[in-house]
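The topics are grouped below for reference alongside the coordinates.

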Amino acid sequence: MLKQEPASPHFKSIVAELVEASAFGRGFSKAVLAQASKIPTQLLPEECAEPLRRDLCTLPFVTIDGEDAKDFDDAVYVECRRRGFRLWVAVSDVAHYVREGSVLDKSAQERATSVYLANSVLPMLPERLSNGICSLLPGEKRLCLVVEMVLSEEGHFLETEIYPAVIKSAARLTYEAVQSFFEGNPPGHLHPFLPMLQNARVLASRLHALRIQRGALEMQVPERRLECDAQGEPLYIRLRPQQESHRLVEAFMLCANEAVARYATRRALPVLFRCHGIPDERKLRLFSNVAKSMGVPMGKPGPHEFNRLLNSVRGTPRERFLGLMLLRAMMQAVYSETNEGHYGLASSAYLHFTSPIRRYPDLWVHRMLKAHWAQRLVPVEAAVLAQLAKHCVEQERSAMQLERDVTACGSAYLARKYLGRSFQATVVGFARMGCFFEIDGLWIEGFIRMKHLGKRVFFDERNHCLEFPDKSKLELGMRCTVCVQSAHAQRGHVKLRCLALPKELKKPPKASRKLRKPPPKPPQEEAV
């Protein structure tokens, strides 16, 4: 029987309820908005002339972001040298405006992160700053902290300088436009920047190759993104793959973050490091079993072996599922007052520096750098730094959960249009109670309880599959025919009904059995 919640509210109302119940439900206080309103919208001459601040306005920096981005906190410029490259990464000097201990600072610390929802943003800072004076808008002078790096032809660090500067972004580029150039069809407005972008492309590819060589994980799992119309109503869900233009920017941001981490480590600055631990052995065994069951055996666990395995299924349906499984096997990255290294990046020292508009740990790093340069660095107690790291991790997790909840509710909201319709769907996960499917092409997730798949079906936790009485197995990546049975937008639940199991259900080979002759009948006694 088809079910749908009665009188479903508009999606904006559902999102508003989710936000209200989250750690980000409160808006900016009057005191925060009042302090933000006093900050000038244009640079003052005396700000540009501050001691140590360099004038880089003649360098044609560009920002590269998504088409819907409104806050631009990093810009890049690359020059090709005789024997290598020179890379500048300029990051908005948010700490100049958000002073330590101010109501703006306390509000930013409490939020700790911006939250990016479908068609909206819950910013860490008021829009007057995040979309205004702190945003590297084209043609506008902006204060920045700059990481200037000289790299060899192979991409190795040769020299690094970090300093405050003032820049003027030459253009606001998008991932989509830069990707068009990489694919041989550059838009007209990109033509003045093509030589620089070509240099950037070469450097980014060499930086990427070095990271993979040293043991960094090469994860390219497309993420689901909910798209809404101008009124905030869901239109569809799409998969957003990571393209070369995304990887280019990522390579330069990783480069800058590592350079600052090394600088801070050598000087024992009280910063927040970004740490990523060694994967859990039990989860790795599970991943290895799943990969083997999908016909992709894995050798000794390690970054190079993970990359080899993922490359072997690149471009196939198994790529996404194995990528997601490997992600779940990894530890979650955290902020820490001590440097514990980053497993996923194969980095001995890493931190977040390049997004101070939307992440408080980055803003904190900026503040420590500036205090160090001004020789006004005050020791920070380890307990205070540890508490700040813990708070930032908790807020990051809360933001991720809110983003997932909004996407789930959006999926269910869209699923109401398809009640009673049948689709092909792919197995994307299991639980003790049932199976998760993703509807092909719509990317809507739904759930089928195990009891509705048949009698005596059980979850094989070791091999991460469902096993049927005849020993056949329903595994990740298999496709079934399903029907959308119910959709509850406010809860974010979609229930599916299985119409047909896949024909290729894996069954163990049957043991050959020899035919046995029936035993001879006992002789009957003759009648006397």
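In this predicted model, the largest nonpolar core comprises 96 residues, of which L129, F252 and L369 touch the most other members. Helix α8 (residues 244-266) supplies the largest share of this core, twelve residues. A second, separate core of 68 residues includes L226, F306, L402 and L414.

**Nonpolar cores**

- In soluble globular proteins, nonpolar side chains tend to be buried together.
- Beyond its neighbours within four places in sequence, L369 is in contact with L145, I162, V260, Y263, L269 and F353.

**Helices α1 and α13**

- Two packed helices are described by the angle between their axes and the distance between the axes.
- For helix α1 (residues 11-20) and helix α13 (residues 382-415), the axes come within 10 Å and cross at roughly 155 degrees.
- Because angles over 145 degrees count as roughly antiparallel, α1 is roughly antiparallel to α13.
- The crossing of these two helices, α1 and α13, is right-handed.
- On the α1 side the contact involves F11, I14, V15, L18 and V19, while α13 contributes L402, D405, V406, C409, G410 and Y413.

**Helices α6 and α8**

- The axes of helix α6 (residues 175-182) and α8 come within 8 Å and cross at roughly 110 degrees.
- This angle makes α6 roughly perpendicular to α8.
- Y175, V178, Q179 and F182 of α6 meet E244, S245, H246, L248 and V249 of α8.

- The buried residues are Y175, A177, V178, Q179, F181 and F182.
- These buried residues pack against β3 (62-65), β10 (171-174), α7 (194-214) and α8.
- G184 follows α6 and has a positive phi, near 90 degrees.

**Arginine 86**

- R86 lies in strand β5 (residues 84-92).
- With a relative accessible area of 19%, R86 is buried, since the cut-off for burial is under 20%.
- The side chain of R86 makes a polar contact with the side chain of E148, at 2.7 Å.
- Leaving aside neighbours within four places in sequence, R86 is in contact with Y77, V78, E79, R81, E148, M149 and V150.

Definitions and conventions. Residues numbered from 1 in each chain as written. Predicted model: local features only at pLDDT ≥ 70, side-chain atom pairs only at ≥ 80, totals over all residues. Heavy atoms only, no water. Helix = DSSP H or I, 4+ residues; strand = E, 2+ residues; numbered from the N terminus. Buried < 20%, exposed > 50% of the residue type's maximum accessible area, 1.4 Å probe, protein only. Polar contact = N/O pair within 3.5 Å; in protein donor to acceptor, adjacent residues only side chain to side chain. Contact = heavy atoms within 4.5 Å. Core = buried A, V, L, I, M, F, W, Y, C linked by side-chain atoms within 4.5 Å. Axes fitted to C-alpha atoms, helices over the stretch in contact; angles between N-to-C directions. Parallel < 35°, antiparallel > 145°, perpendicular 65-115°, else oblique. Left-handed = near helix turned anticlockwise from the far one by under 90°.
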